[in-house]
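Reader: I've got this protein on my screen and I'd like to talk it through. Could you show it and take my questions one by one?

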Amino acid sequence: MEVRARAPGKIILSGEHAVVHGSTAVAASINLYTQVSLRIAGDSESGDRLLKLQLKDVGLEFSWPTGRVREALPELSTPSASSPTTCSPEFMKSIAALVEEQNIPEANGGLAAGVSAFLWLYASIQGCKPATVVVTSDLPLGAGLGSSAAFCVALSGAFLALSDAVSWNVDLNHPAWLSFGENDLELINRWAFEGEKIIHGKPSGVDNTVSTFGNMIMFKSGNLTRIKPNVPLRMLITNTRVGRNTKALVAGVSERTLRHPDAMTYVFNAIDSISKELSSIIQLPAPSEVAVTEKEAKLEELMEMNQGMLQCIGVSHTSIEAVLQTTLKYKLTSKLTGAGGGGCVLTLLPSLLAGNVVDKVIAELESCGFQCLIAGIGGNGVEVCFNSRPDFF
Ligand SMILES: Nc1ncnc2c1ncn2[C@@H]1O[C@H](COP(=O)(O)OP(=O)(O)OP(=O)(O)O)[C@@H](O)[C@H]1O
Ligand SMILES: C[C@@](O)(CCO)CC(=O)[O-]
Ligand SMILES: [Mg+2]
């Protein structure tokens, strides 16, 4: 039995970090995906009874005898695919032992958390069956574009697609990406959130939610509101290539909040207002070109204000400031996206901006060693394909 799942990365237009503390965030999926292929060995197949994980983006492969997984996690021999559960500290200890046995290279420090999330999701949803899981991604890892959420959503999507918790009443031989039903998406999202908890510590859930459901969303305290944009949003994404770790940045903001609770509450409230205003501007009907230009000017101002708040809570970085300064030379507005501390920066490209200005700003940013891309915004969320024709992908 074999299936592939893909889940998109995301940009946060407004509200990162504050969303962890109950403020509103606005986020959209982008057309860069993490793909997971899952092949479960049939009972009749001979050979090693192994659970294999190939992480193509980092060129690493791990495997565990399924007996070893069962011995470490005996309670999960009977999986509970339809009831997402949090990995308890006791389970985390057993998983840490399974991960340690794999001797992950020091240079791939953050990877252990991703491998732990994989083990938790696989054993909880599929139990201890022998299988091969292959992960590939278009997303830069640990750069603010939601690679951890896309990883957890694609894993959950693939594992659930071949579980009893999801039933299919479509032609599975159809060579196309298939969408899940609404209830299945809810289930994938809840499992992916459990995976994100292992990677992030204290995620708000915005990243897994936008990766699961796609399009553009407003997210506050675990609740999602779908947004239908009426502005043709075009964003330049600049990867500063400065590595960072979302877990550490989120923890840093929580520590600052403990030290300065009153001041930080004002900042989180201001960000909440910025996100709400941003989402209402994006959704206003667009009768004329002038109205679009006016809306873009307002969006730029809100992005600038949000970036100021993000600097205030301690998650900007000299590399981010360098991108801001460079784009400002071309009268363009930018803000960090995702957890900050390096990673990616968004620059609004207004609809009347001349193509040669875009080329010039990209050339200047790339001459500083940054990497630029323009991704499609607001596509589908998680999808699966059961057709294994190699030419389809
Ligand atoms: N394709 C992948 N292969 C293996 N591990 C991955 C992959 N994608 C994500 N991960 C895991 O997610 C971690 C990066 O997550 P992190 O939350 O720090 O960054 P991000 O999700 O890219 O950015 P942000 O949370 O700001 O959007 C990696 O260290 C790894 O554990
Ligand atoms: C920094 C953060 O707000 C967004 C990371 O993309 C963390 C979260 O919401 O879980
Ligand atoms: Mg992440």
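Here come the questions, with a word on conventions before them.

Author: This is a predicted model, where local features need pLDDT of at least 70, side-chain atom pairs count only at pLDDT 80 or more, and totals for chains, interfaces and linings use all residues. Residues are numbered from 1 along each chain as its sequence is written, while chains are lettered from A and ligands numbered from 1 in the order in which they are written.

Reader: Which domains does the assignment give for the protein chain?

Author: The bounds come from an automatic or database domain assignment. One domain is made of two stretches, and the answer is domain 1 (2–221 + 378–392) and domain 2 (229–373).

Reader: Which element gives the most to the side of domain 1 that touches domain 2?

Author: The C-alpha centres of the two domains lie 28 Å apart. Their contact (C-beta atoms, placed from the backbone, within 7 Å) takes 29 residues from domain 1 and 34 residues from domain 2. On the domain 1 side, β1, β2 (25–40), α5 (182–200) and β7 each supply at least two residues; helices (H or I, at least four residues) and strands (E, at least two) are DSSP runs, numbered from the N terminus. The top contributor, with 4 residues, is β1.

Reader: Why does ligand 2 lie between the domains?

Author: Its shell has 15 residues, the closest being Glu 16, Pro 203, Ser 204, Gly 338 and Ala 339; a residue is near if its C-beta atom, placed from the backbone, lies within 6 Å of the molecule. The elements giving two or more residues to that shell are α6 (206–213) and α7 (246–259). Ligand 2 lies between the domains because its shell takes residues from both domain 1 and domain 2.

Reader: Is Arg 6 buried or exposed?

Author: Arg 6 sits in strand β1 (residues 2–14). Leaving out residues up to four places away in sequence, Arg 6 touches Tyr 33, Thr 34, Gln 35, Ala 154 and Glu 383. The cut-offs on C-beta atoms, placed from the backbone, are 20 or more others within 10 Å for buried, 12 or fewer for exposed, and partly exposed in between. Arg 6 has 25 C-beta neighbours inside 10 Å, so Arg 6 counts as buried.

Reader: What is phi for Asn 215?

Author: Most residues other than glycine have a negative phi. Asn 215 is in the loop between α6 and β7 (216–220), and it is partly exposed, with 18 other C-beta atoms within 10 Å. Asn 215 is not a glycine, yet its phi is positive, at about 55 degrees.

Reader: And where is Arg 241?

Author: Arg 241, another residue other than glycine, has a positive phi near 65 degrees. Arg 241 is partly exposed, with 14 other C-beta atoms within 10 Å. Its place is in the loop between β9 (235–239) and α7.

Definitions and conventions: Contact = placed C-beta atoms within 7 Å.
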